[in-house]
Amino acid sequence: METRQPSVTDSDADGGSELHSYSAVTLRSLLAQKHISALELTDAYLARIDQVNPRINAIVTLVPDHARQIARRIDQQIARGQDPGLLAGLPVAHKDLAETQGIRTTFGSRLFADNIPKHNALIVQRMLNAGAVTLGKTNTPEFGAGSQTFNEVFGTTLNPYDLTKTPGGSSGGAAAALAARLVALADGSDMGGSLRNPASFCNVVGFRPSPGRVPTYPSDMAWFNVPVVGPMARTVEDCALFMAAIAGPDSRVPIALNAPGTDFLEPLKRDFTGARIGFSPDFAGQIPIAREVSEVINNSAGVFESLGCRLDETCPDFADADNIFKTLRAWSMAAAHGPRLKQHRDLYKASLIWNIEQGLALTGANIATAEQMRTRLFQRVSTLMHEVEFLVLPVCQVTPFSAAVEYPTAIEGVPMETYIDWMKSCYYLSSIGLPCISVPCGFTPQGLPVGVQIVGRPHADFSVLQLAYAYQQATLHWQALPKLA
């Protein structure tokens, strides 16, 4: 890895532009001041994709003509003195679970290999309304199931920091694209960790907002608040800019929060003197954590203390969290795929079949019990967070693993029974709807990225971004680039 700041005069070895190296916030400023054009920026990113993407397979559907058309329109608006939006001219890609009007959307499934939606998902439409330039779609596992990005439509996505390893998932294509500087921003989604896990594995930022902060539409389960959509970016300030464009209410979404997205344009800088943090590099022993992960997280303690924070070695009691999440996940899997599985069983991967059938076997009593346990879990964590403002925990229980295997089968000698068991460090938090973020925390001796998870109080999304920003500025781990030609 190399750590450096790009300069305006930087160029690649082949003489090409290095505009792709700038943060989204910097690019936005350059575009607004007319130092570069949206079309110039789009072409720079398309050249980068041509050069690098064949090695990592992060962007799986590329639409260069479409992107250039949007970029030309943005340039015309800027030339006329119009405001084309918060994300004007910024090259982005959309997760292949998000429907994109006129652009192939497969959900990573052979069932939808040729699917061309007639409308945009709400998060996509808000990005376009803000002037973002769509370059294409990012890879995801089949129907987003699992934190290893592979499917039978597009194959496997590789980690830019080690091409033998997975970038995680299910927003693995998005994280790999950001790490390799193929896009300025990328949307993602998170049920059991799909924004946070790949961010940790790829040294970028993945923010799981409070349910309803970024409304999900369309959705057949609009009241279900475990899955969310949200932003992925290279830096926390890029993430805040992104949130300003995609957050805000929508009358079609019953759990949508009323606060406007513009709240995220407030200054991120804050004095954290005296702020109390519940700090636990190992989840207080409640789940197995790979030694190299807990060592990197433990090294972050001094950074938080240098910011003025008071660290308490404490962690919530996550009793029943596993049962809660697995029950609700299986229930949602059965709702989404149960009827289709009966007709197309041969087109589903084995782990997904298992998860759907777990849901089909549930009783009303099972679901009621899970919701009662979920209430008690939330109340326990809420009680603790009256005493501490934040939790600081590992994002992942392991470091990036071989892209040739679907999931780790053991952690520190503890067997993993299912394809999601190694993600408890993420999905325990998903169950109770707290805002949480993965921020680059450092690297193992083997050069593999590790993220730290910052968790906030209910609906305290902006506070989470503020602490993440302070930590980022004190460490600058995000500047450590993968060694890609």
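Visitor: In this predicted model, which strands does helix H7 lie across, and at what angle to S9 does the helix run?

Guide: Helix H7, residues 236-246, lies across strand S7 (185-190), strand S8 (205-208) and strand S9 (228-233), and its direction makes an angle of about 140° with S9. H7 also meets helix H1 (residues 24-32), the two axes coming within 8 Å and crossing at roughly 65°. That contact is made by Ala-24, Val-25 and Arg-28 of H1 together with Glu-237, Asp-238 and Leu-241 of H7, and by class it has 3 nonpolar, no polar and 3 charged residues.

Visitor: What is the order of the strands in the open sheet, and which strands are its edges?

Guide: As a general idea, strands of a sheet pair through backbone hydrogen bonds, in either the parallel or the antiparallel sense. Here the open sheet has 11 strands with mixed pairing, in the order S2-S4-S3-S7-S9-S8-S15-S16-S12-S10-S11. Strand S2 (59-62) and strand S11 (310-312) are the edge strands, each of them pairing on one side only, and the twist from one strand to the next averages 30°. At the S2 end, S2 pairs with strand S4 (residues 133-138) in the antiparallel sense over 3 bridges, with Thr-138 of S4 as the bridge partner of Ile-59.

Visitor: How many residues of strand S16 are buried, and which way do its residues point?

Guide: In a regular strand the side chains alternate between the two faces of the sheet. In S16, Pro-449, Gly-451, Gln-453 and Val-455 point one way, whereas Val-450, Val-452 and Ile-454 point the other way, and all are buried. Since 7 of the 7 residues of S16 (residues 449-455) are buried, the strand is largely enclosed by the rest of the structure. One of its partners is strand S12 (residues 390-394), joined to S16 by 4 bridges in an antiparallel arrangement, with Val-392 standing opposite Ile-454. Strand S15 (residues 436-443) also pairs with S16 in the antiparallel sense, over 7 bridges, and there Val-439 has Val-452 as its bridge partner.

Visitor: What lies between S15 and S16, and is Thr-444 in that loop buried or exposed?

Guide: S15 and S16 form a hairpin with 5 residues between them, and Gly-447 in the turn has a positive phi of about 80°. Thr-444 lies in this loop and is buried, with a relative accessible area of 6%. Beyond residues up to four places away in sequence, Thr-444 touches Glu-292, Val-296, Thr-399 and Val-450.

Visitor: Which residues have the most contacts inside the largest nonpolar core?

Guide: In soluble globular proteins, nonpolar side chains tend to be buried together. The largest nonpolar core of this model has 148 residues, and those with the most contacts inside it are Leu-27, Leu-87, Leu-182, Ile-437, Ile-454 and Leu-465. H7 supplies the largest share of this core, 9 residues. Leaving aside neighbours within four places in sequence, Leu-182 has contacts that include Tyr-45, Ile-49, Ile-59 and Leu-135, and also Arg-48 and Asn-53.

Visitor: Where is Asp-190 found, and is Asp-190 buried or exposed?

Guide: Asp-190 is found in strand S7, and at 1% relative accessibility it counts as buried. Its contacts beyond four places in sequence include Arg-196, Arg-208 and Ser-430. Asp-190 and Val-228 are 38 residues apart in sequence but 5.3 Å apart in space, C-alpha to C-alpha.

Visitor: How do the axes of H10 and H11 cross?

Guide: The axes of helix H10 (residues 321-344) and helix H11 (residues 350-360) come within 7 Å and cross at roughly 105°, and the two helices are therefore roughly perpendicular to each other. By class, their contact has 9 nonpolar, 5 polar and 2 charged residues.

Visitor: Which peptide bonds are cis, and which residues other than glycine have a positive phi?

Guide: Most residues other than glycine have a negative phi, and most peptide bonds are trans. Cis peptide bonds here include the one joining Gly-169 and Ser-170, with omega about 5°, and the one joining Tyr-217 and Pro-218, with omega about 0°. Phe-143, in the loop between S4 and strand S5 (150-151), has a positive phi of about 55° and counts as buried at 15% relative accessibility. Leu-476 has a phi near 60° and is partly exposed, with a relative accessible area of 34%.

Terms used: Residues are numbered from 1 along each chain as its sequence is written. This is a predicted model: local features need pLDDT of at least 70, side-chain atom pairs count only at pLDDT 80 or more; totals for chains, interfaces and linings use all residues. Side-chain values use heavy atoms; hydrogens and water are left out. Two strands pair if DSSP finds at least two bridges between them. Axes are lines fitted to C-alpha atoms, for helices over the stretch in contact, and angles run from 0 to 180 degrees between N-to-C directions. Contact means heavy atoms within 4.5 Å. Angles under 35 degrees count as roughly parallel, over 145 as roughly antiparallel, 65 to 115 as roughly perpendicular and the rest as oblique. Ala, Val, Leu, Ile, Met, Phe, Trp, Tyr, Cys and Pro count as nonpolar, Asp, Glu, Lys and Arg as charged, and the others, Gly among them, as polar. A nonpolar core is a set of buried Ala, Val, Leu, Ile, Met, Phe, Trp, Tyr and Cys residues joined through side-chain atoms within 4.5 Å. Buried means under 20% relative accessible area, exposed over 50%, partly exposed in between (1.4 Å probe, protein chains only).
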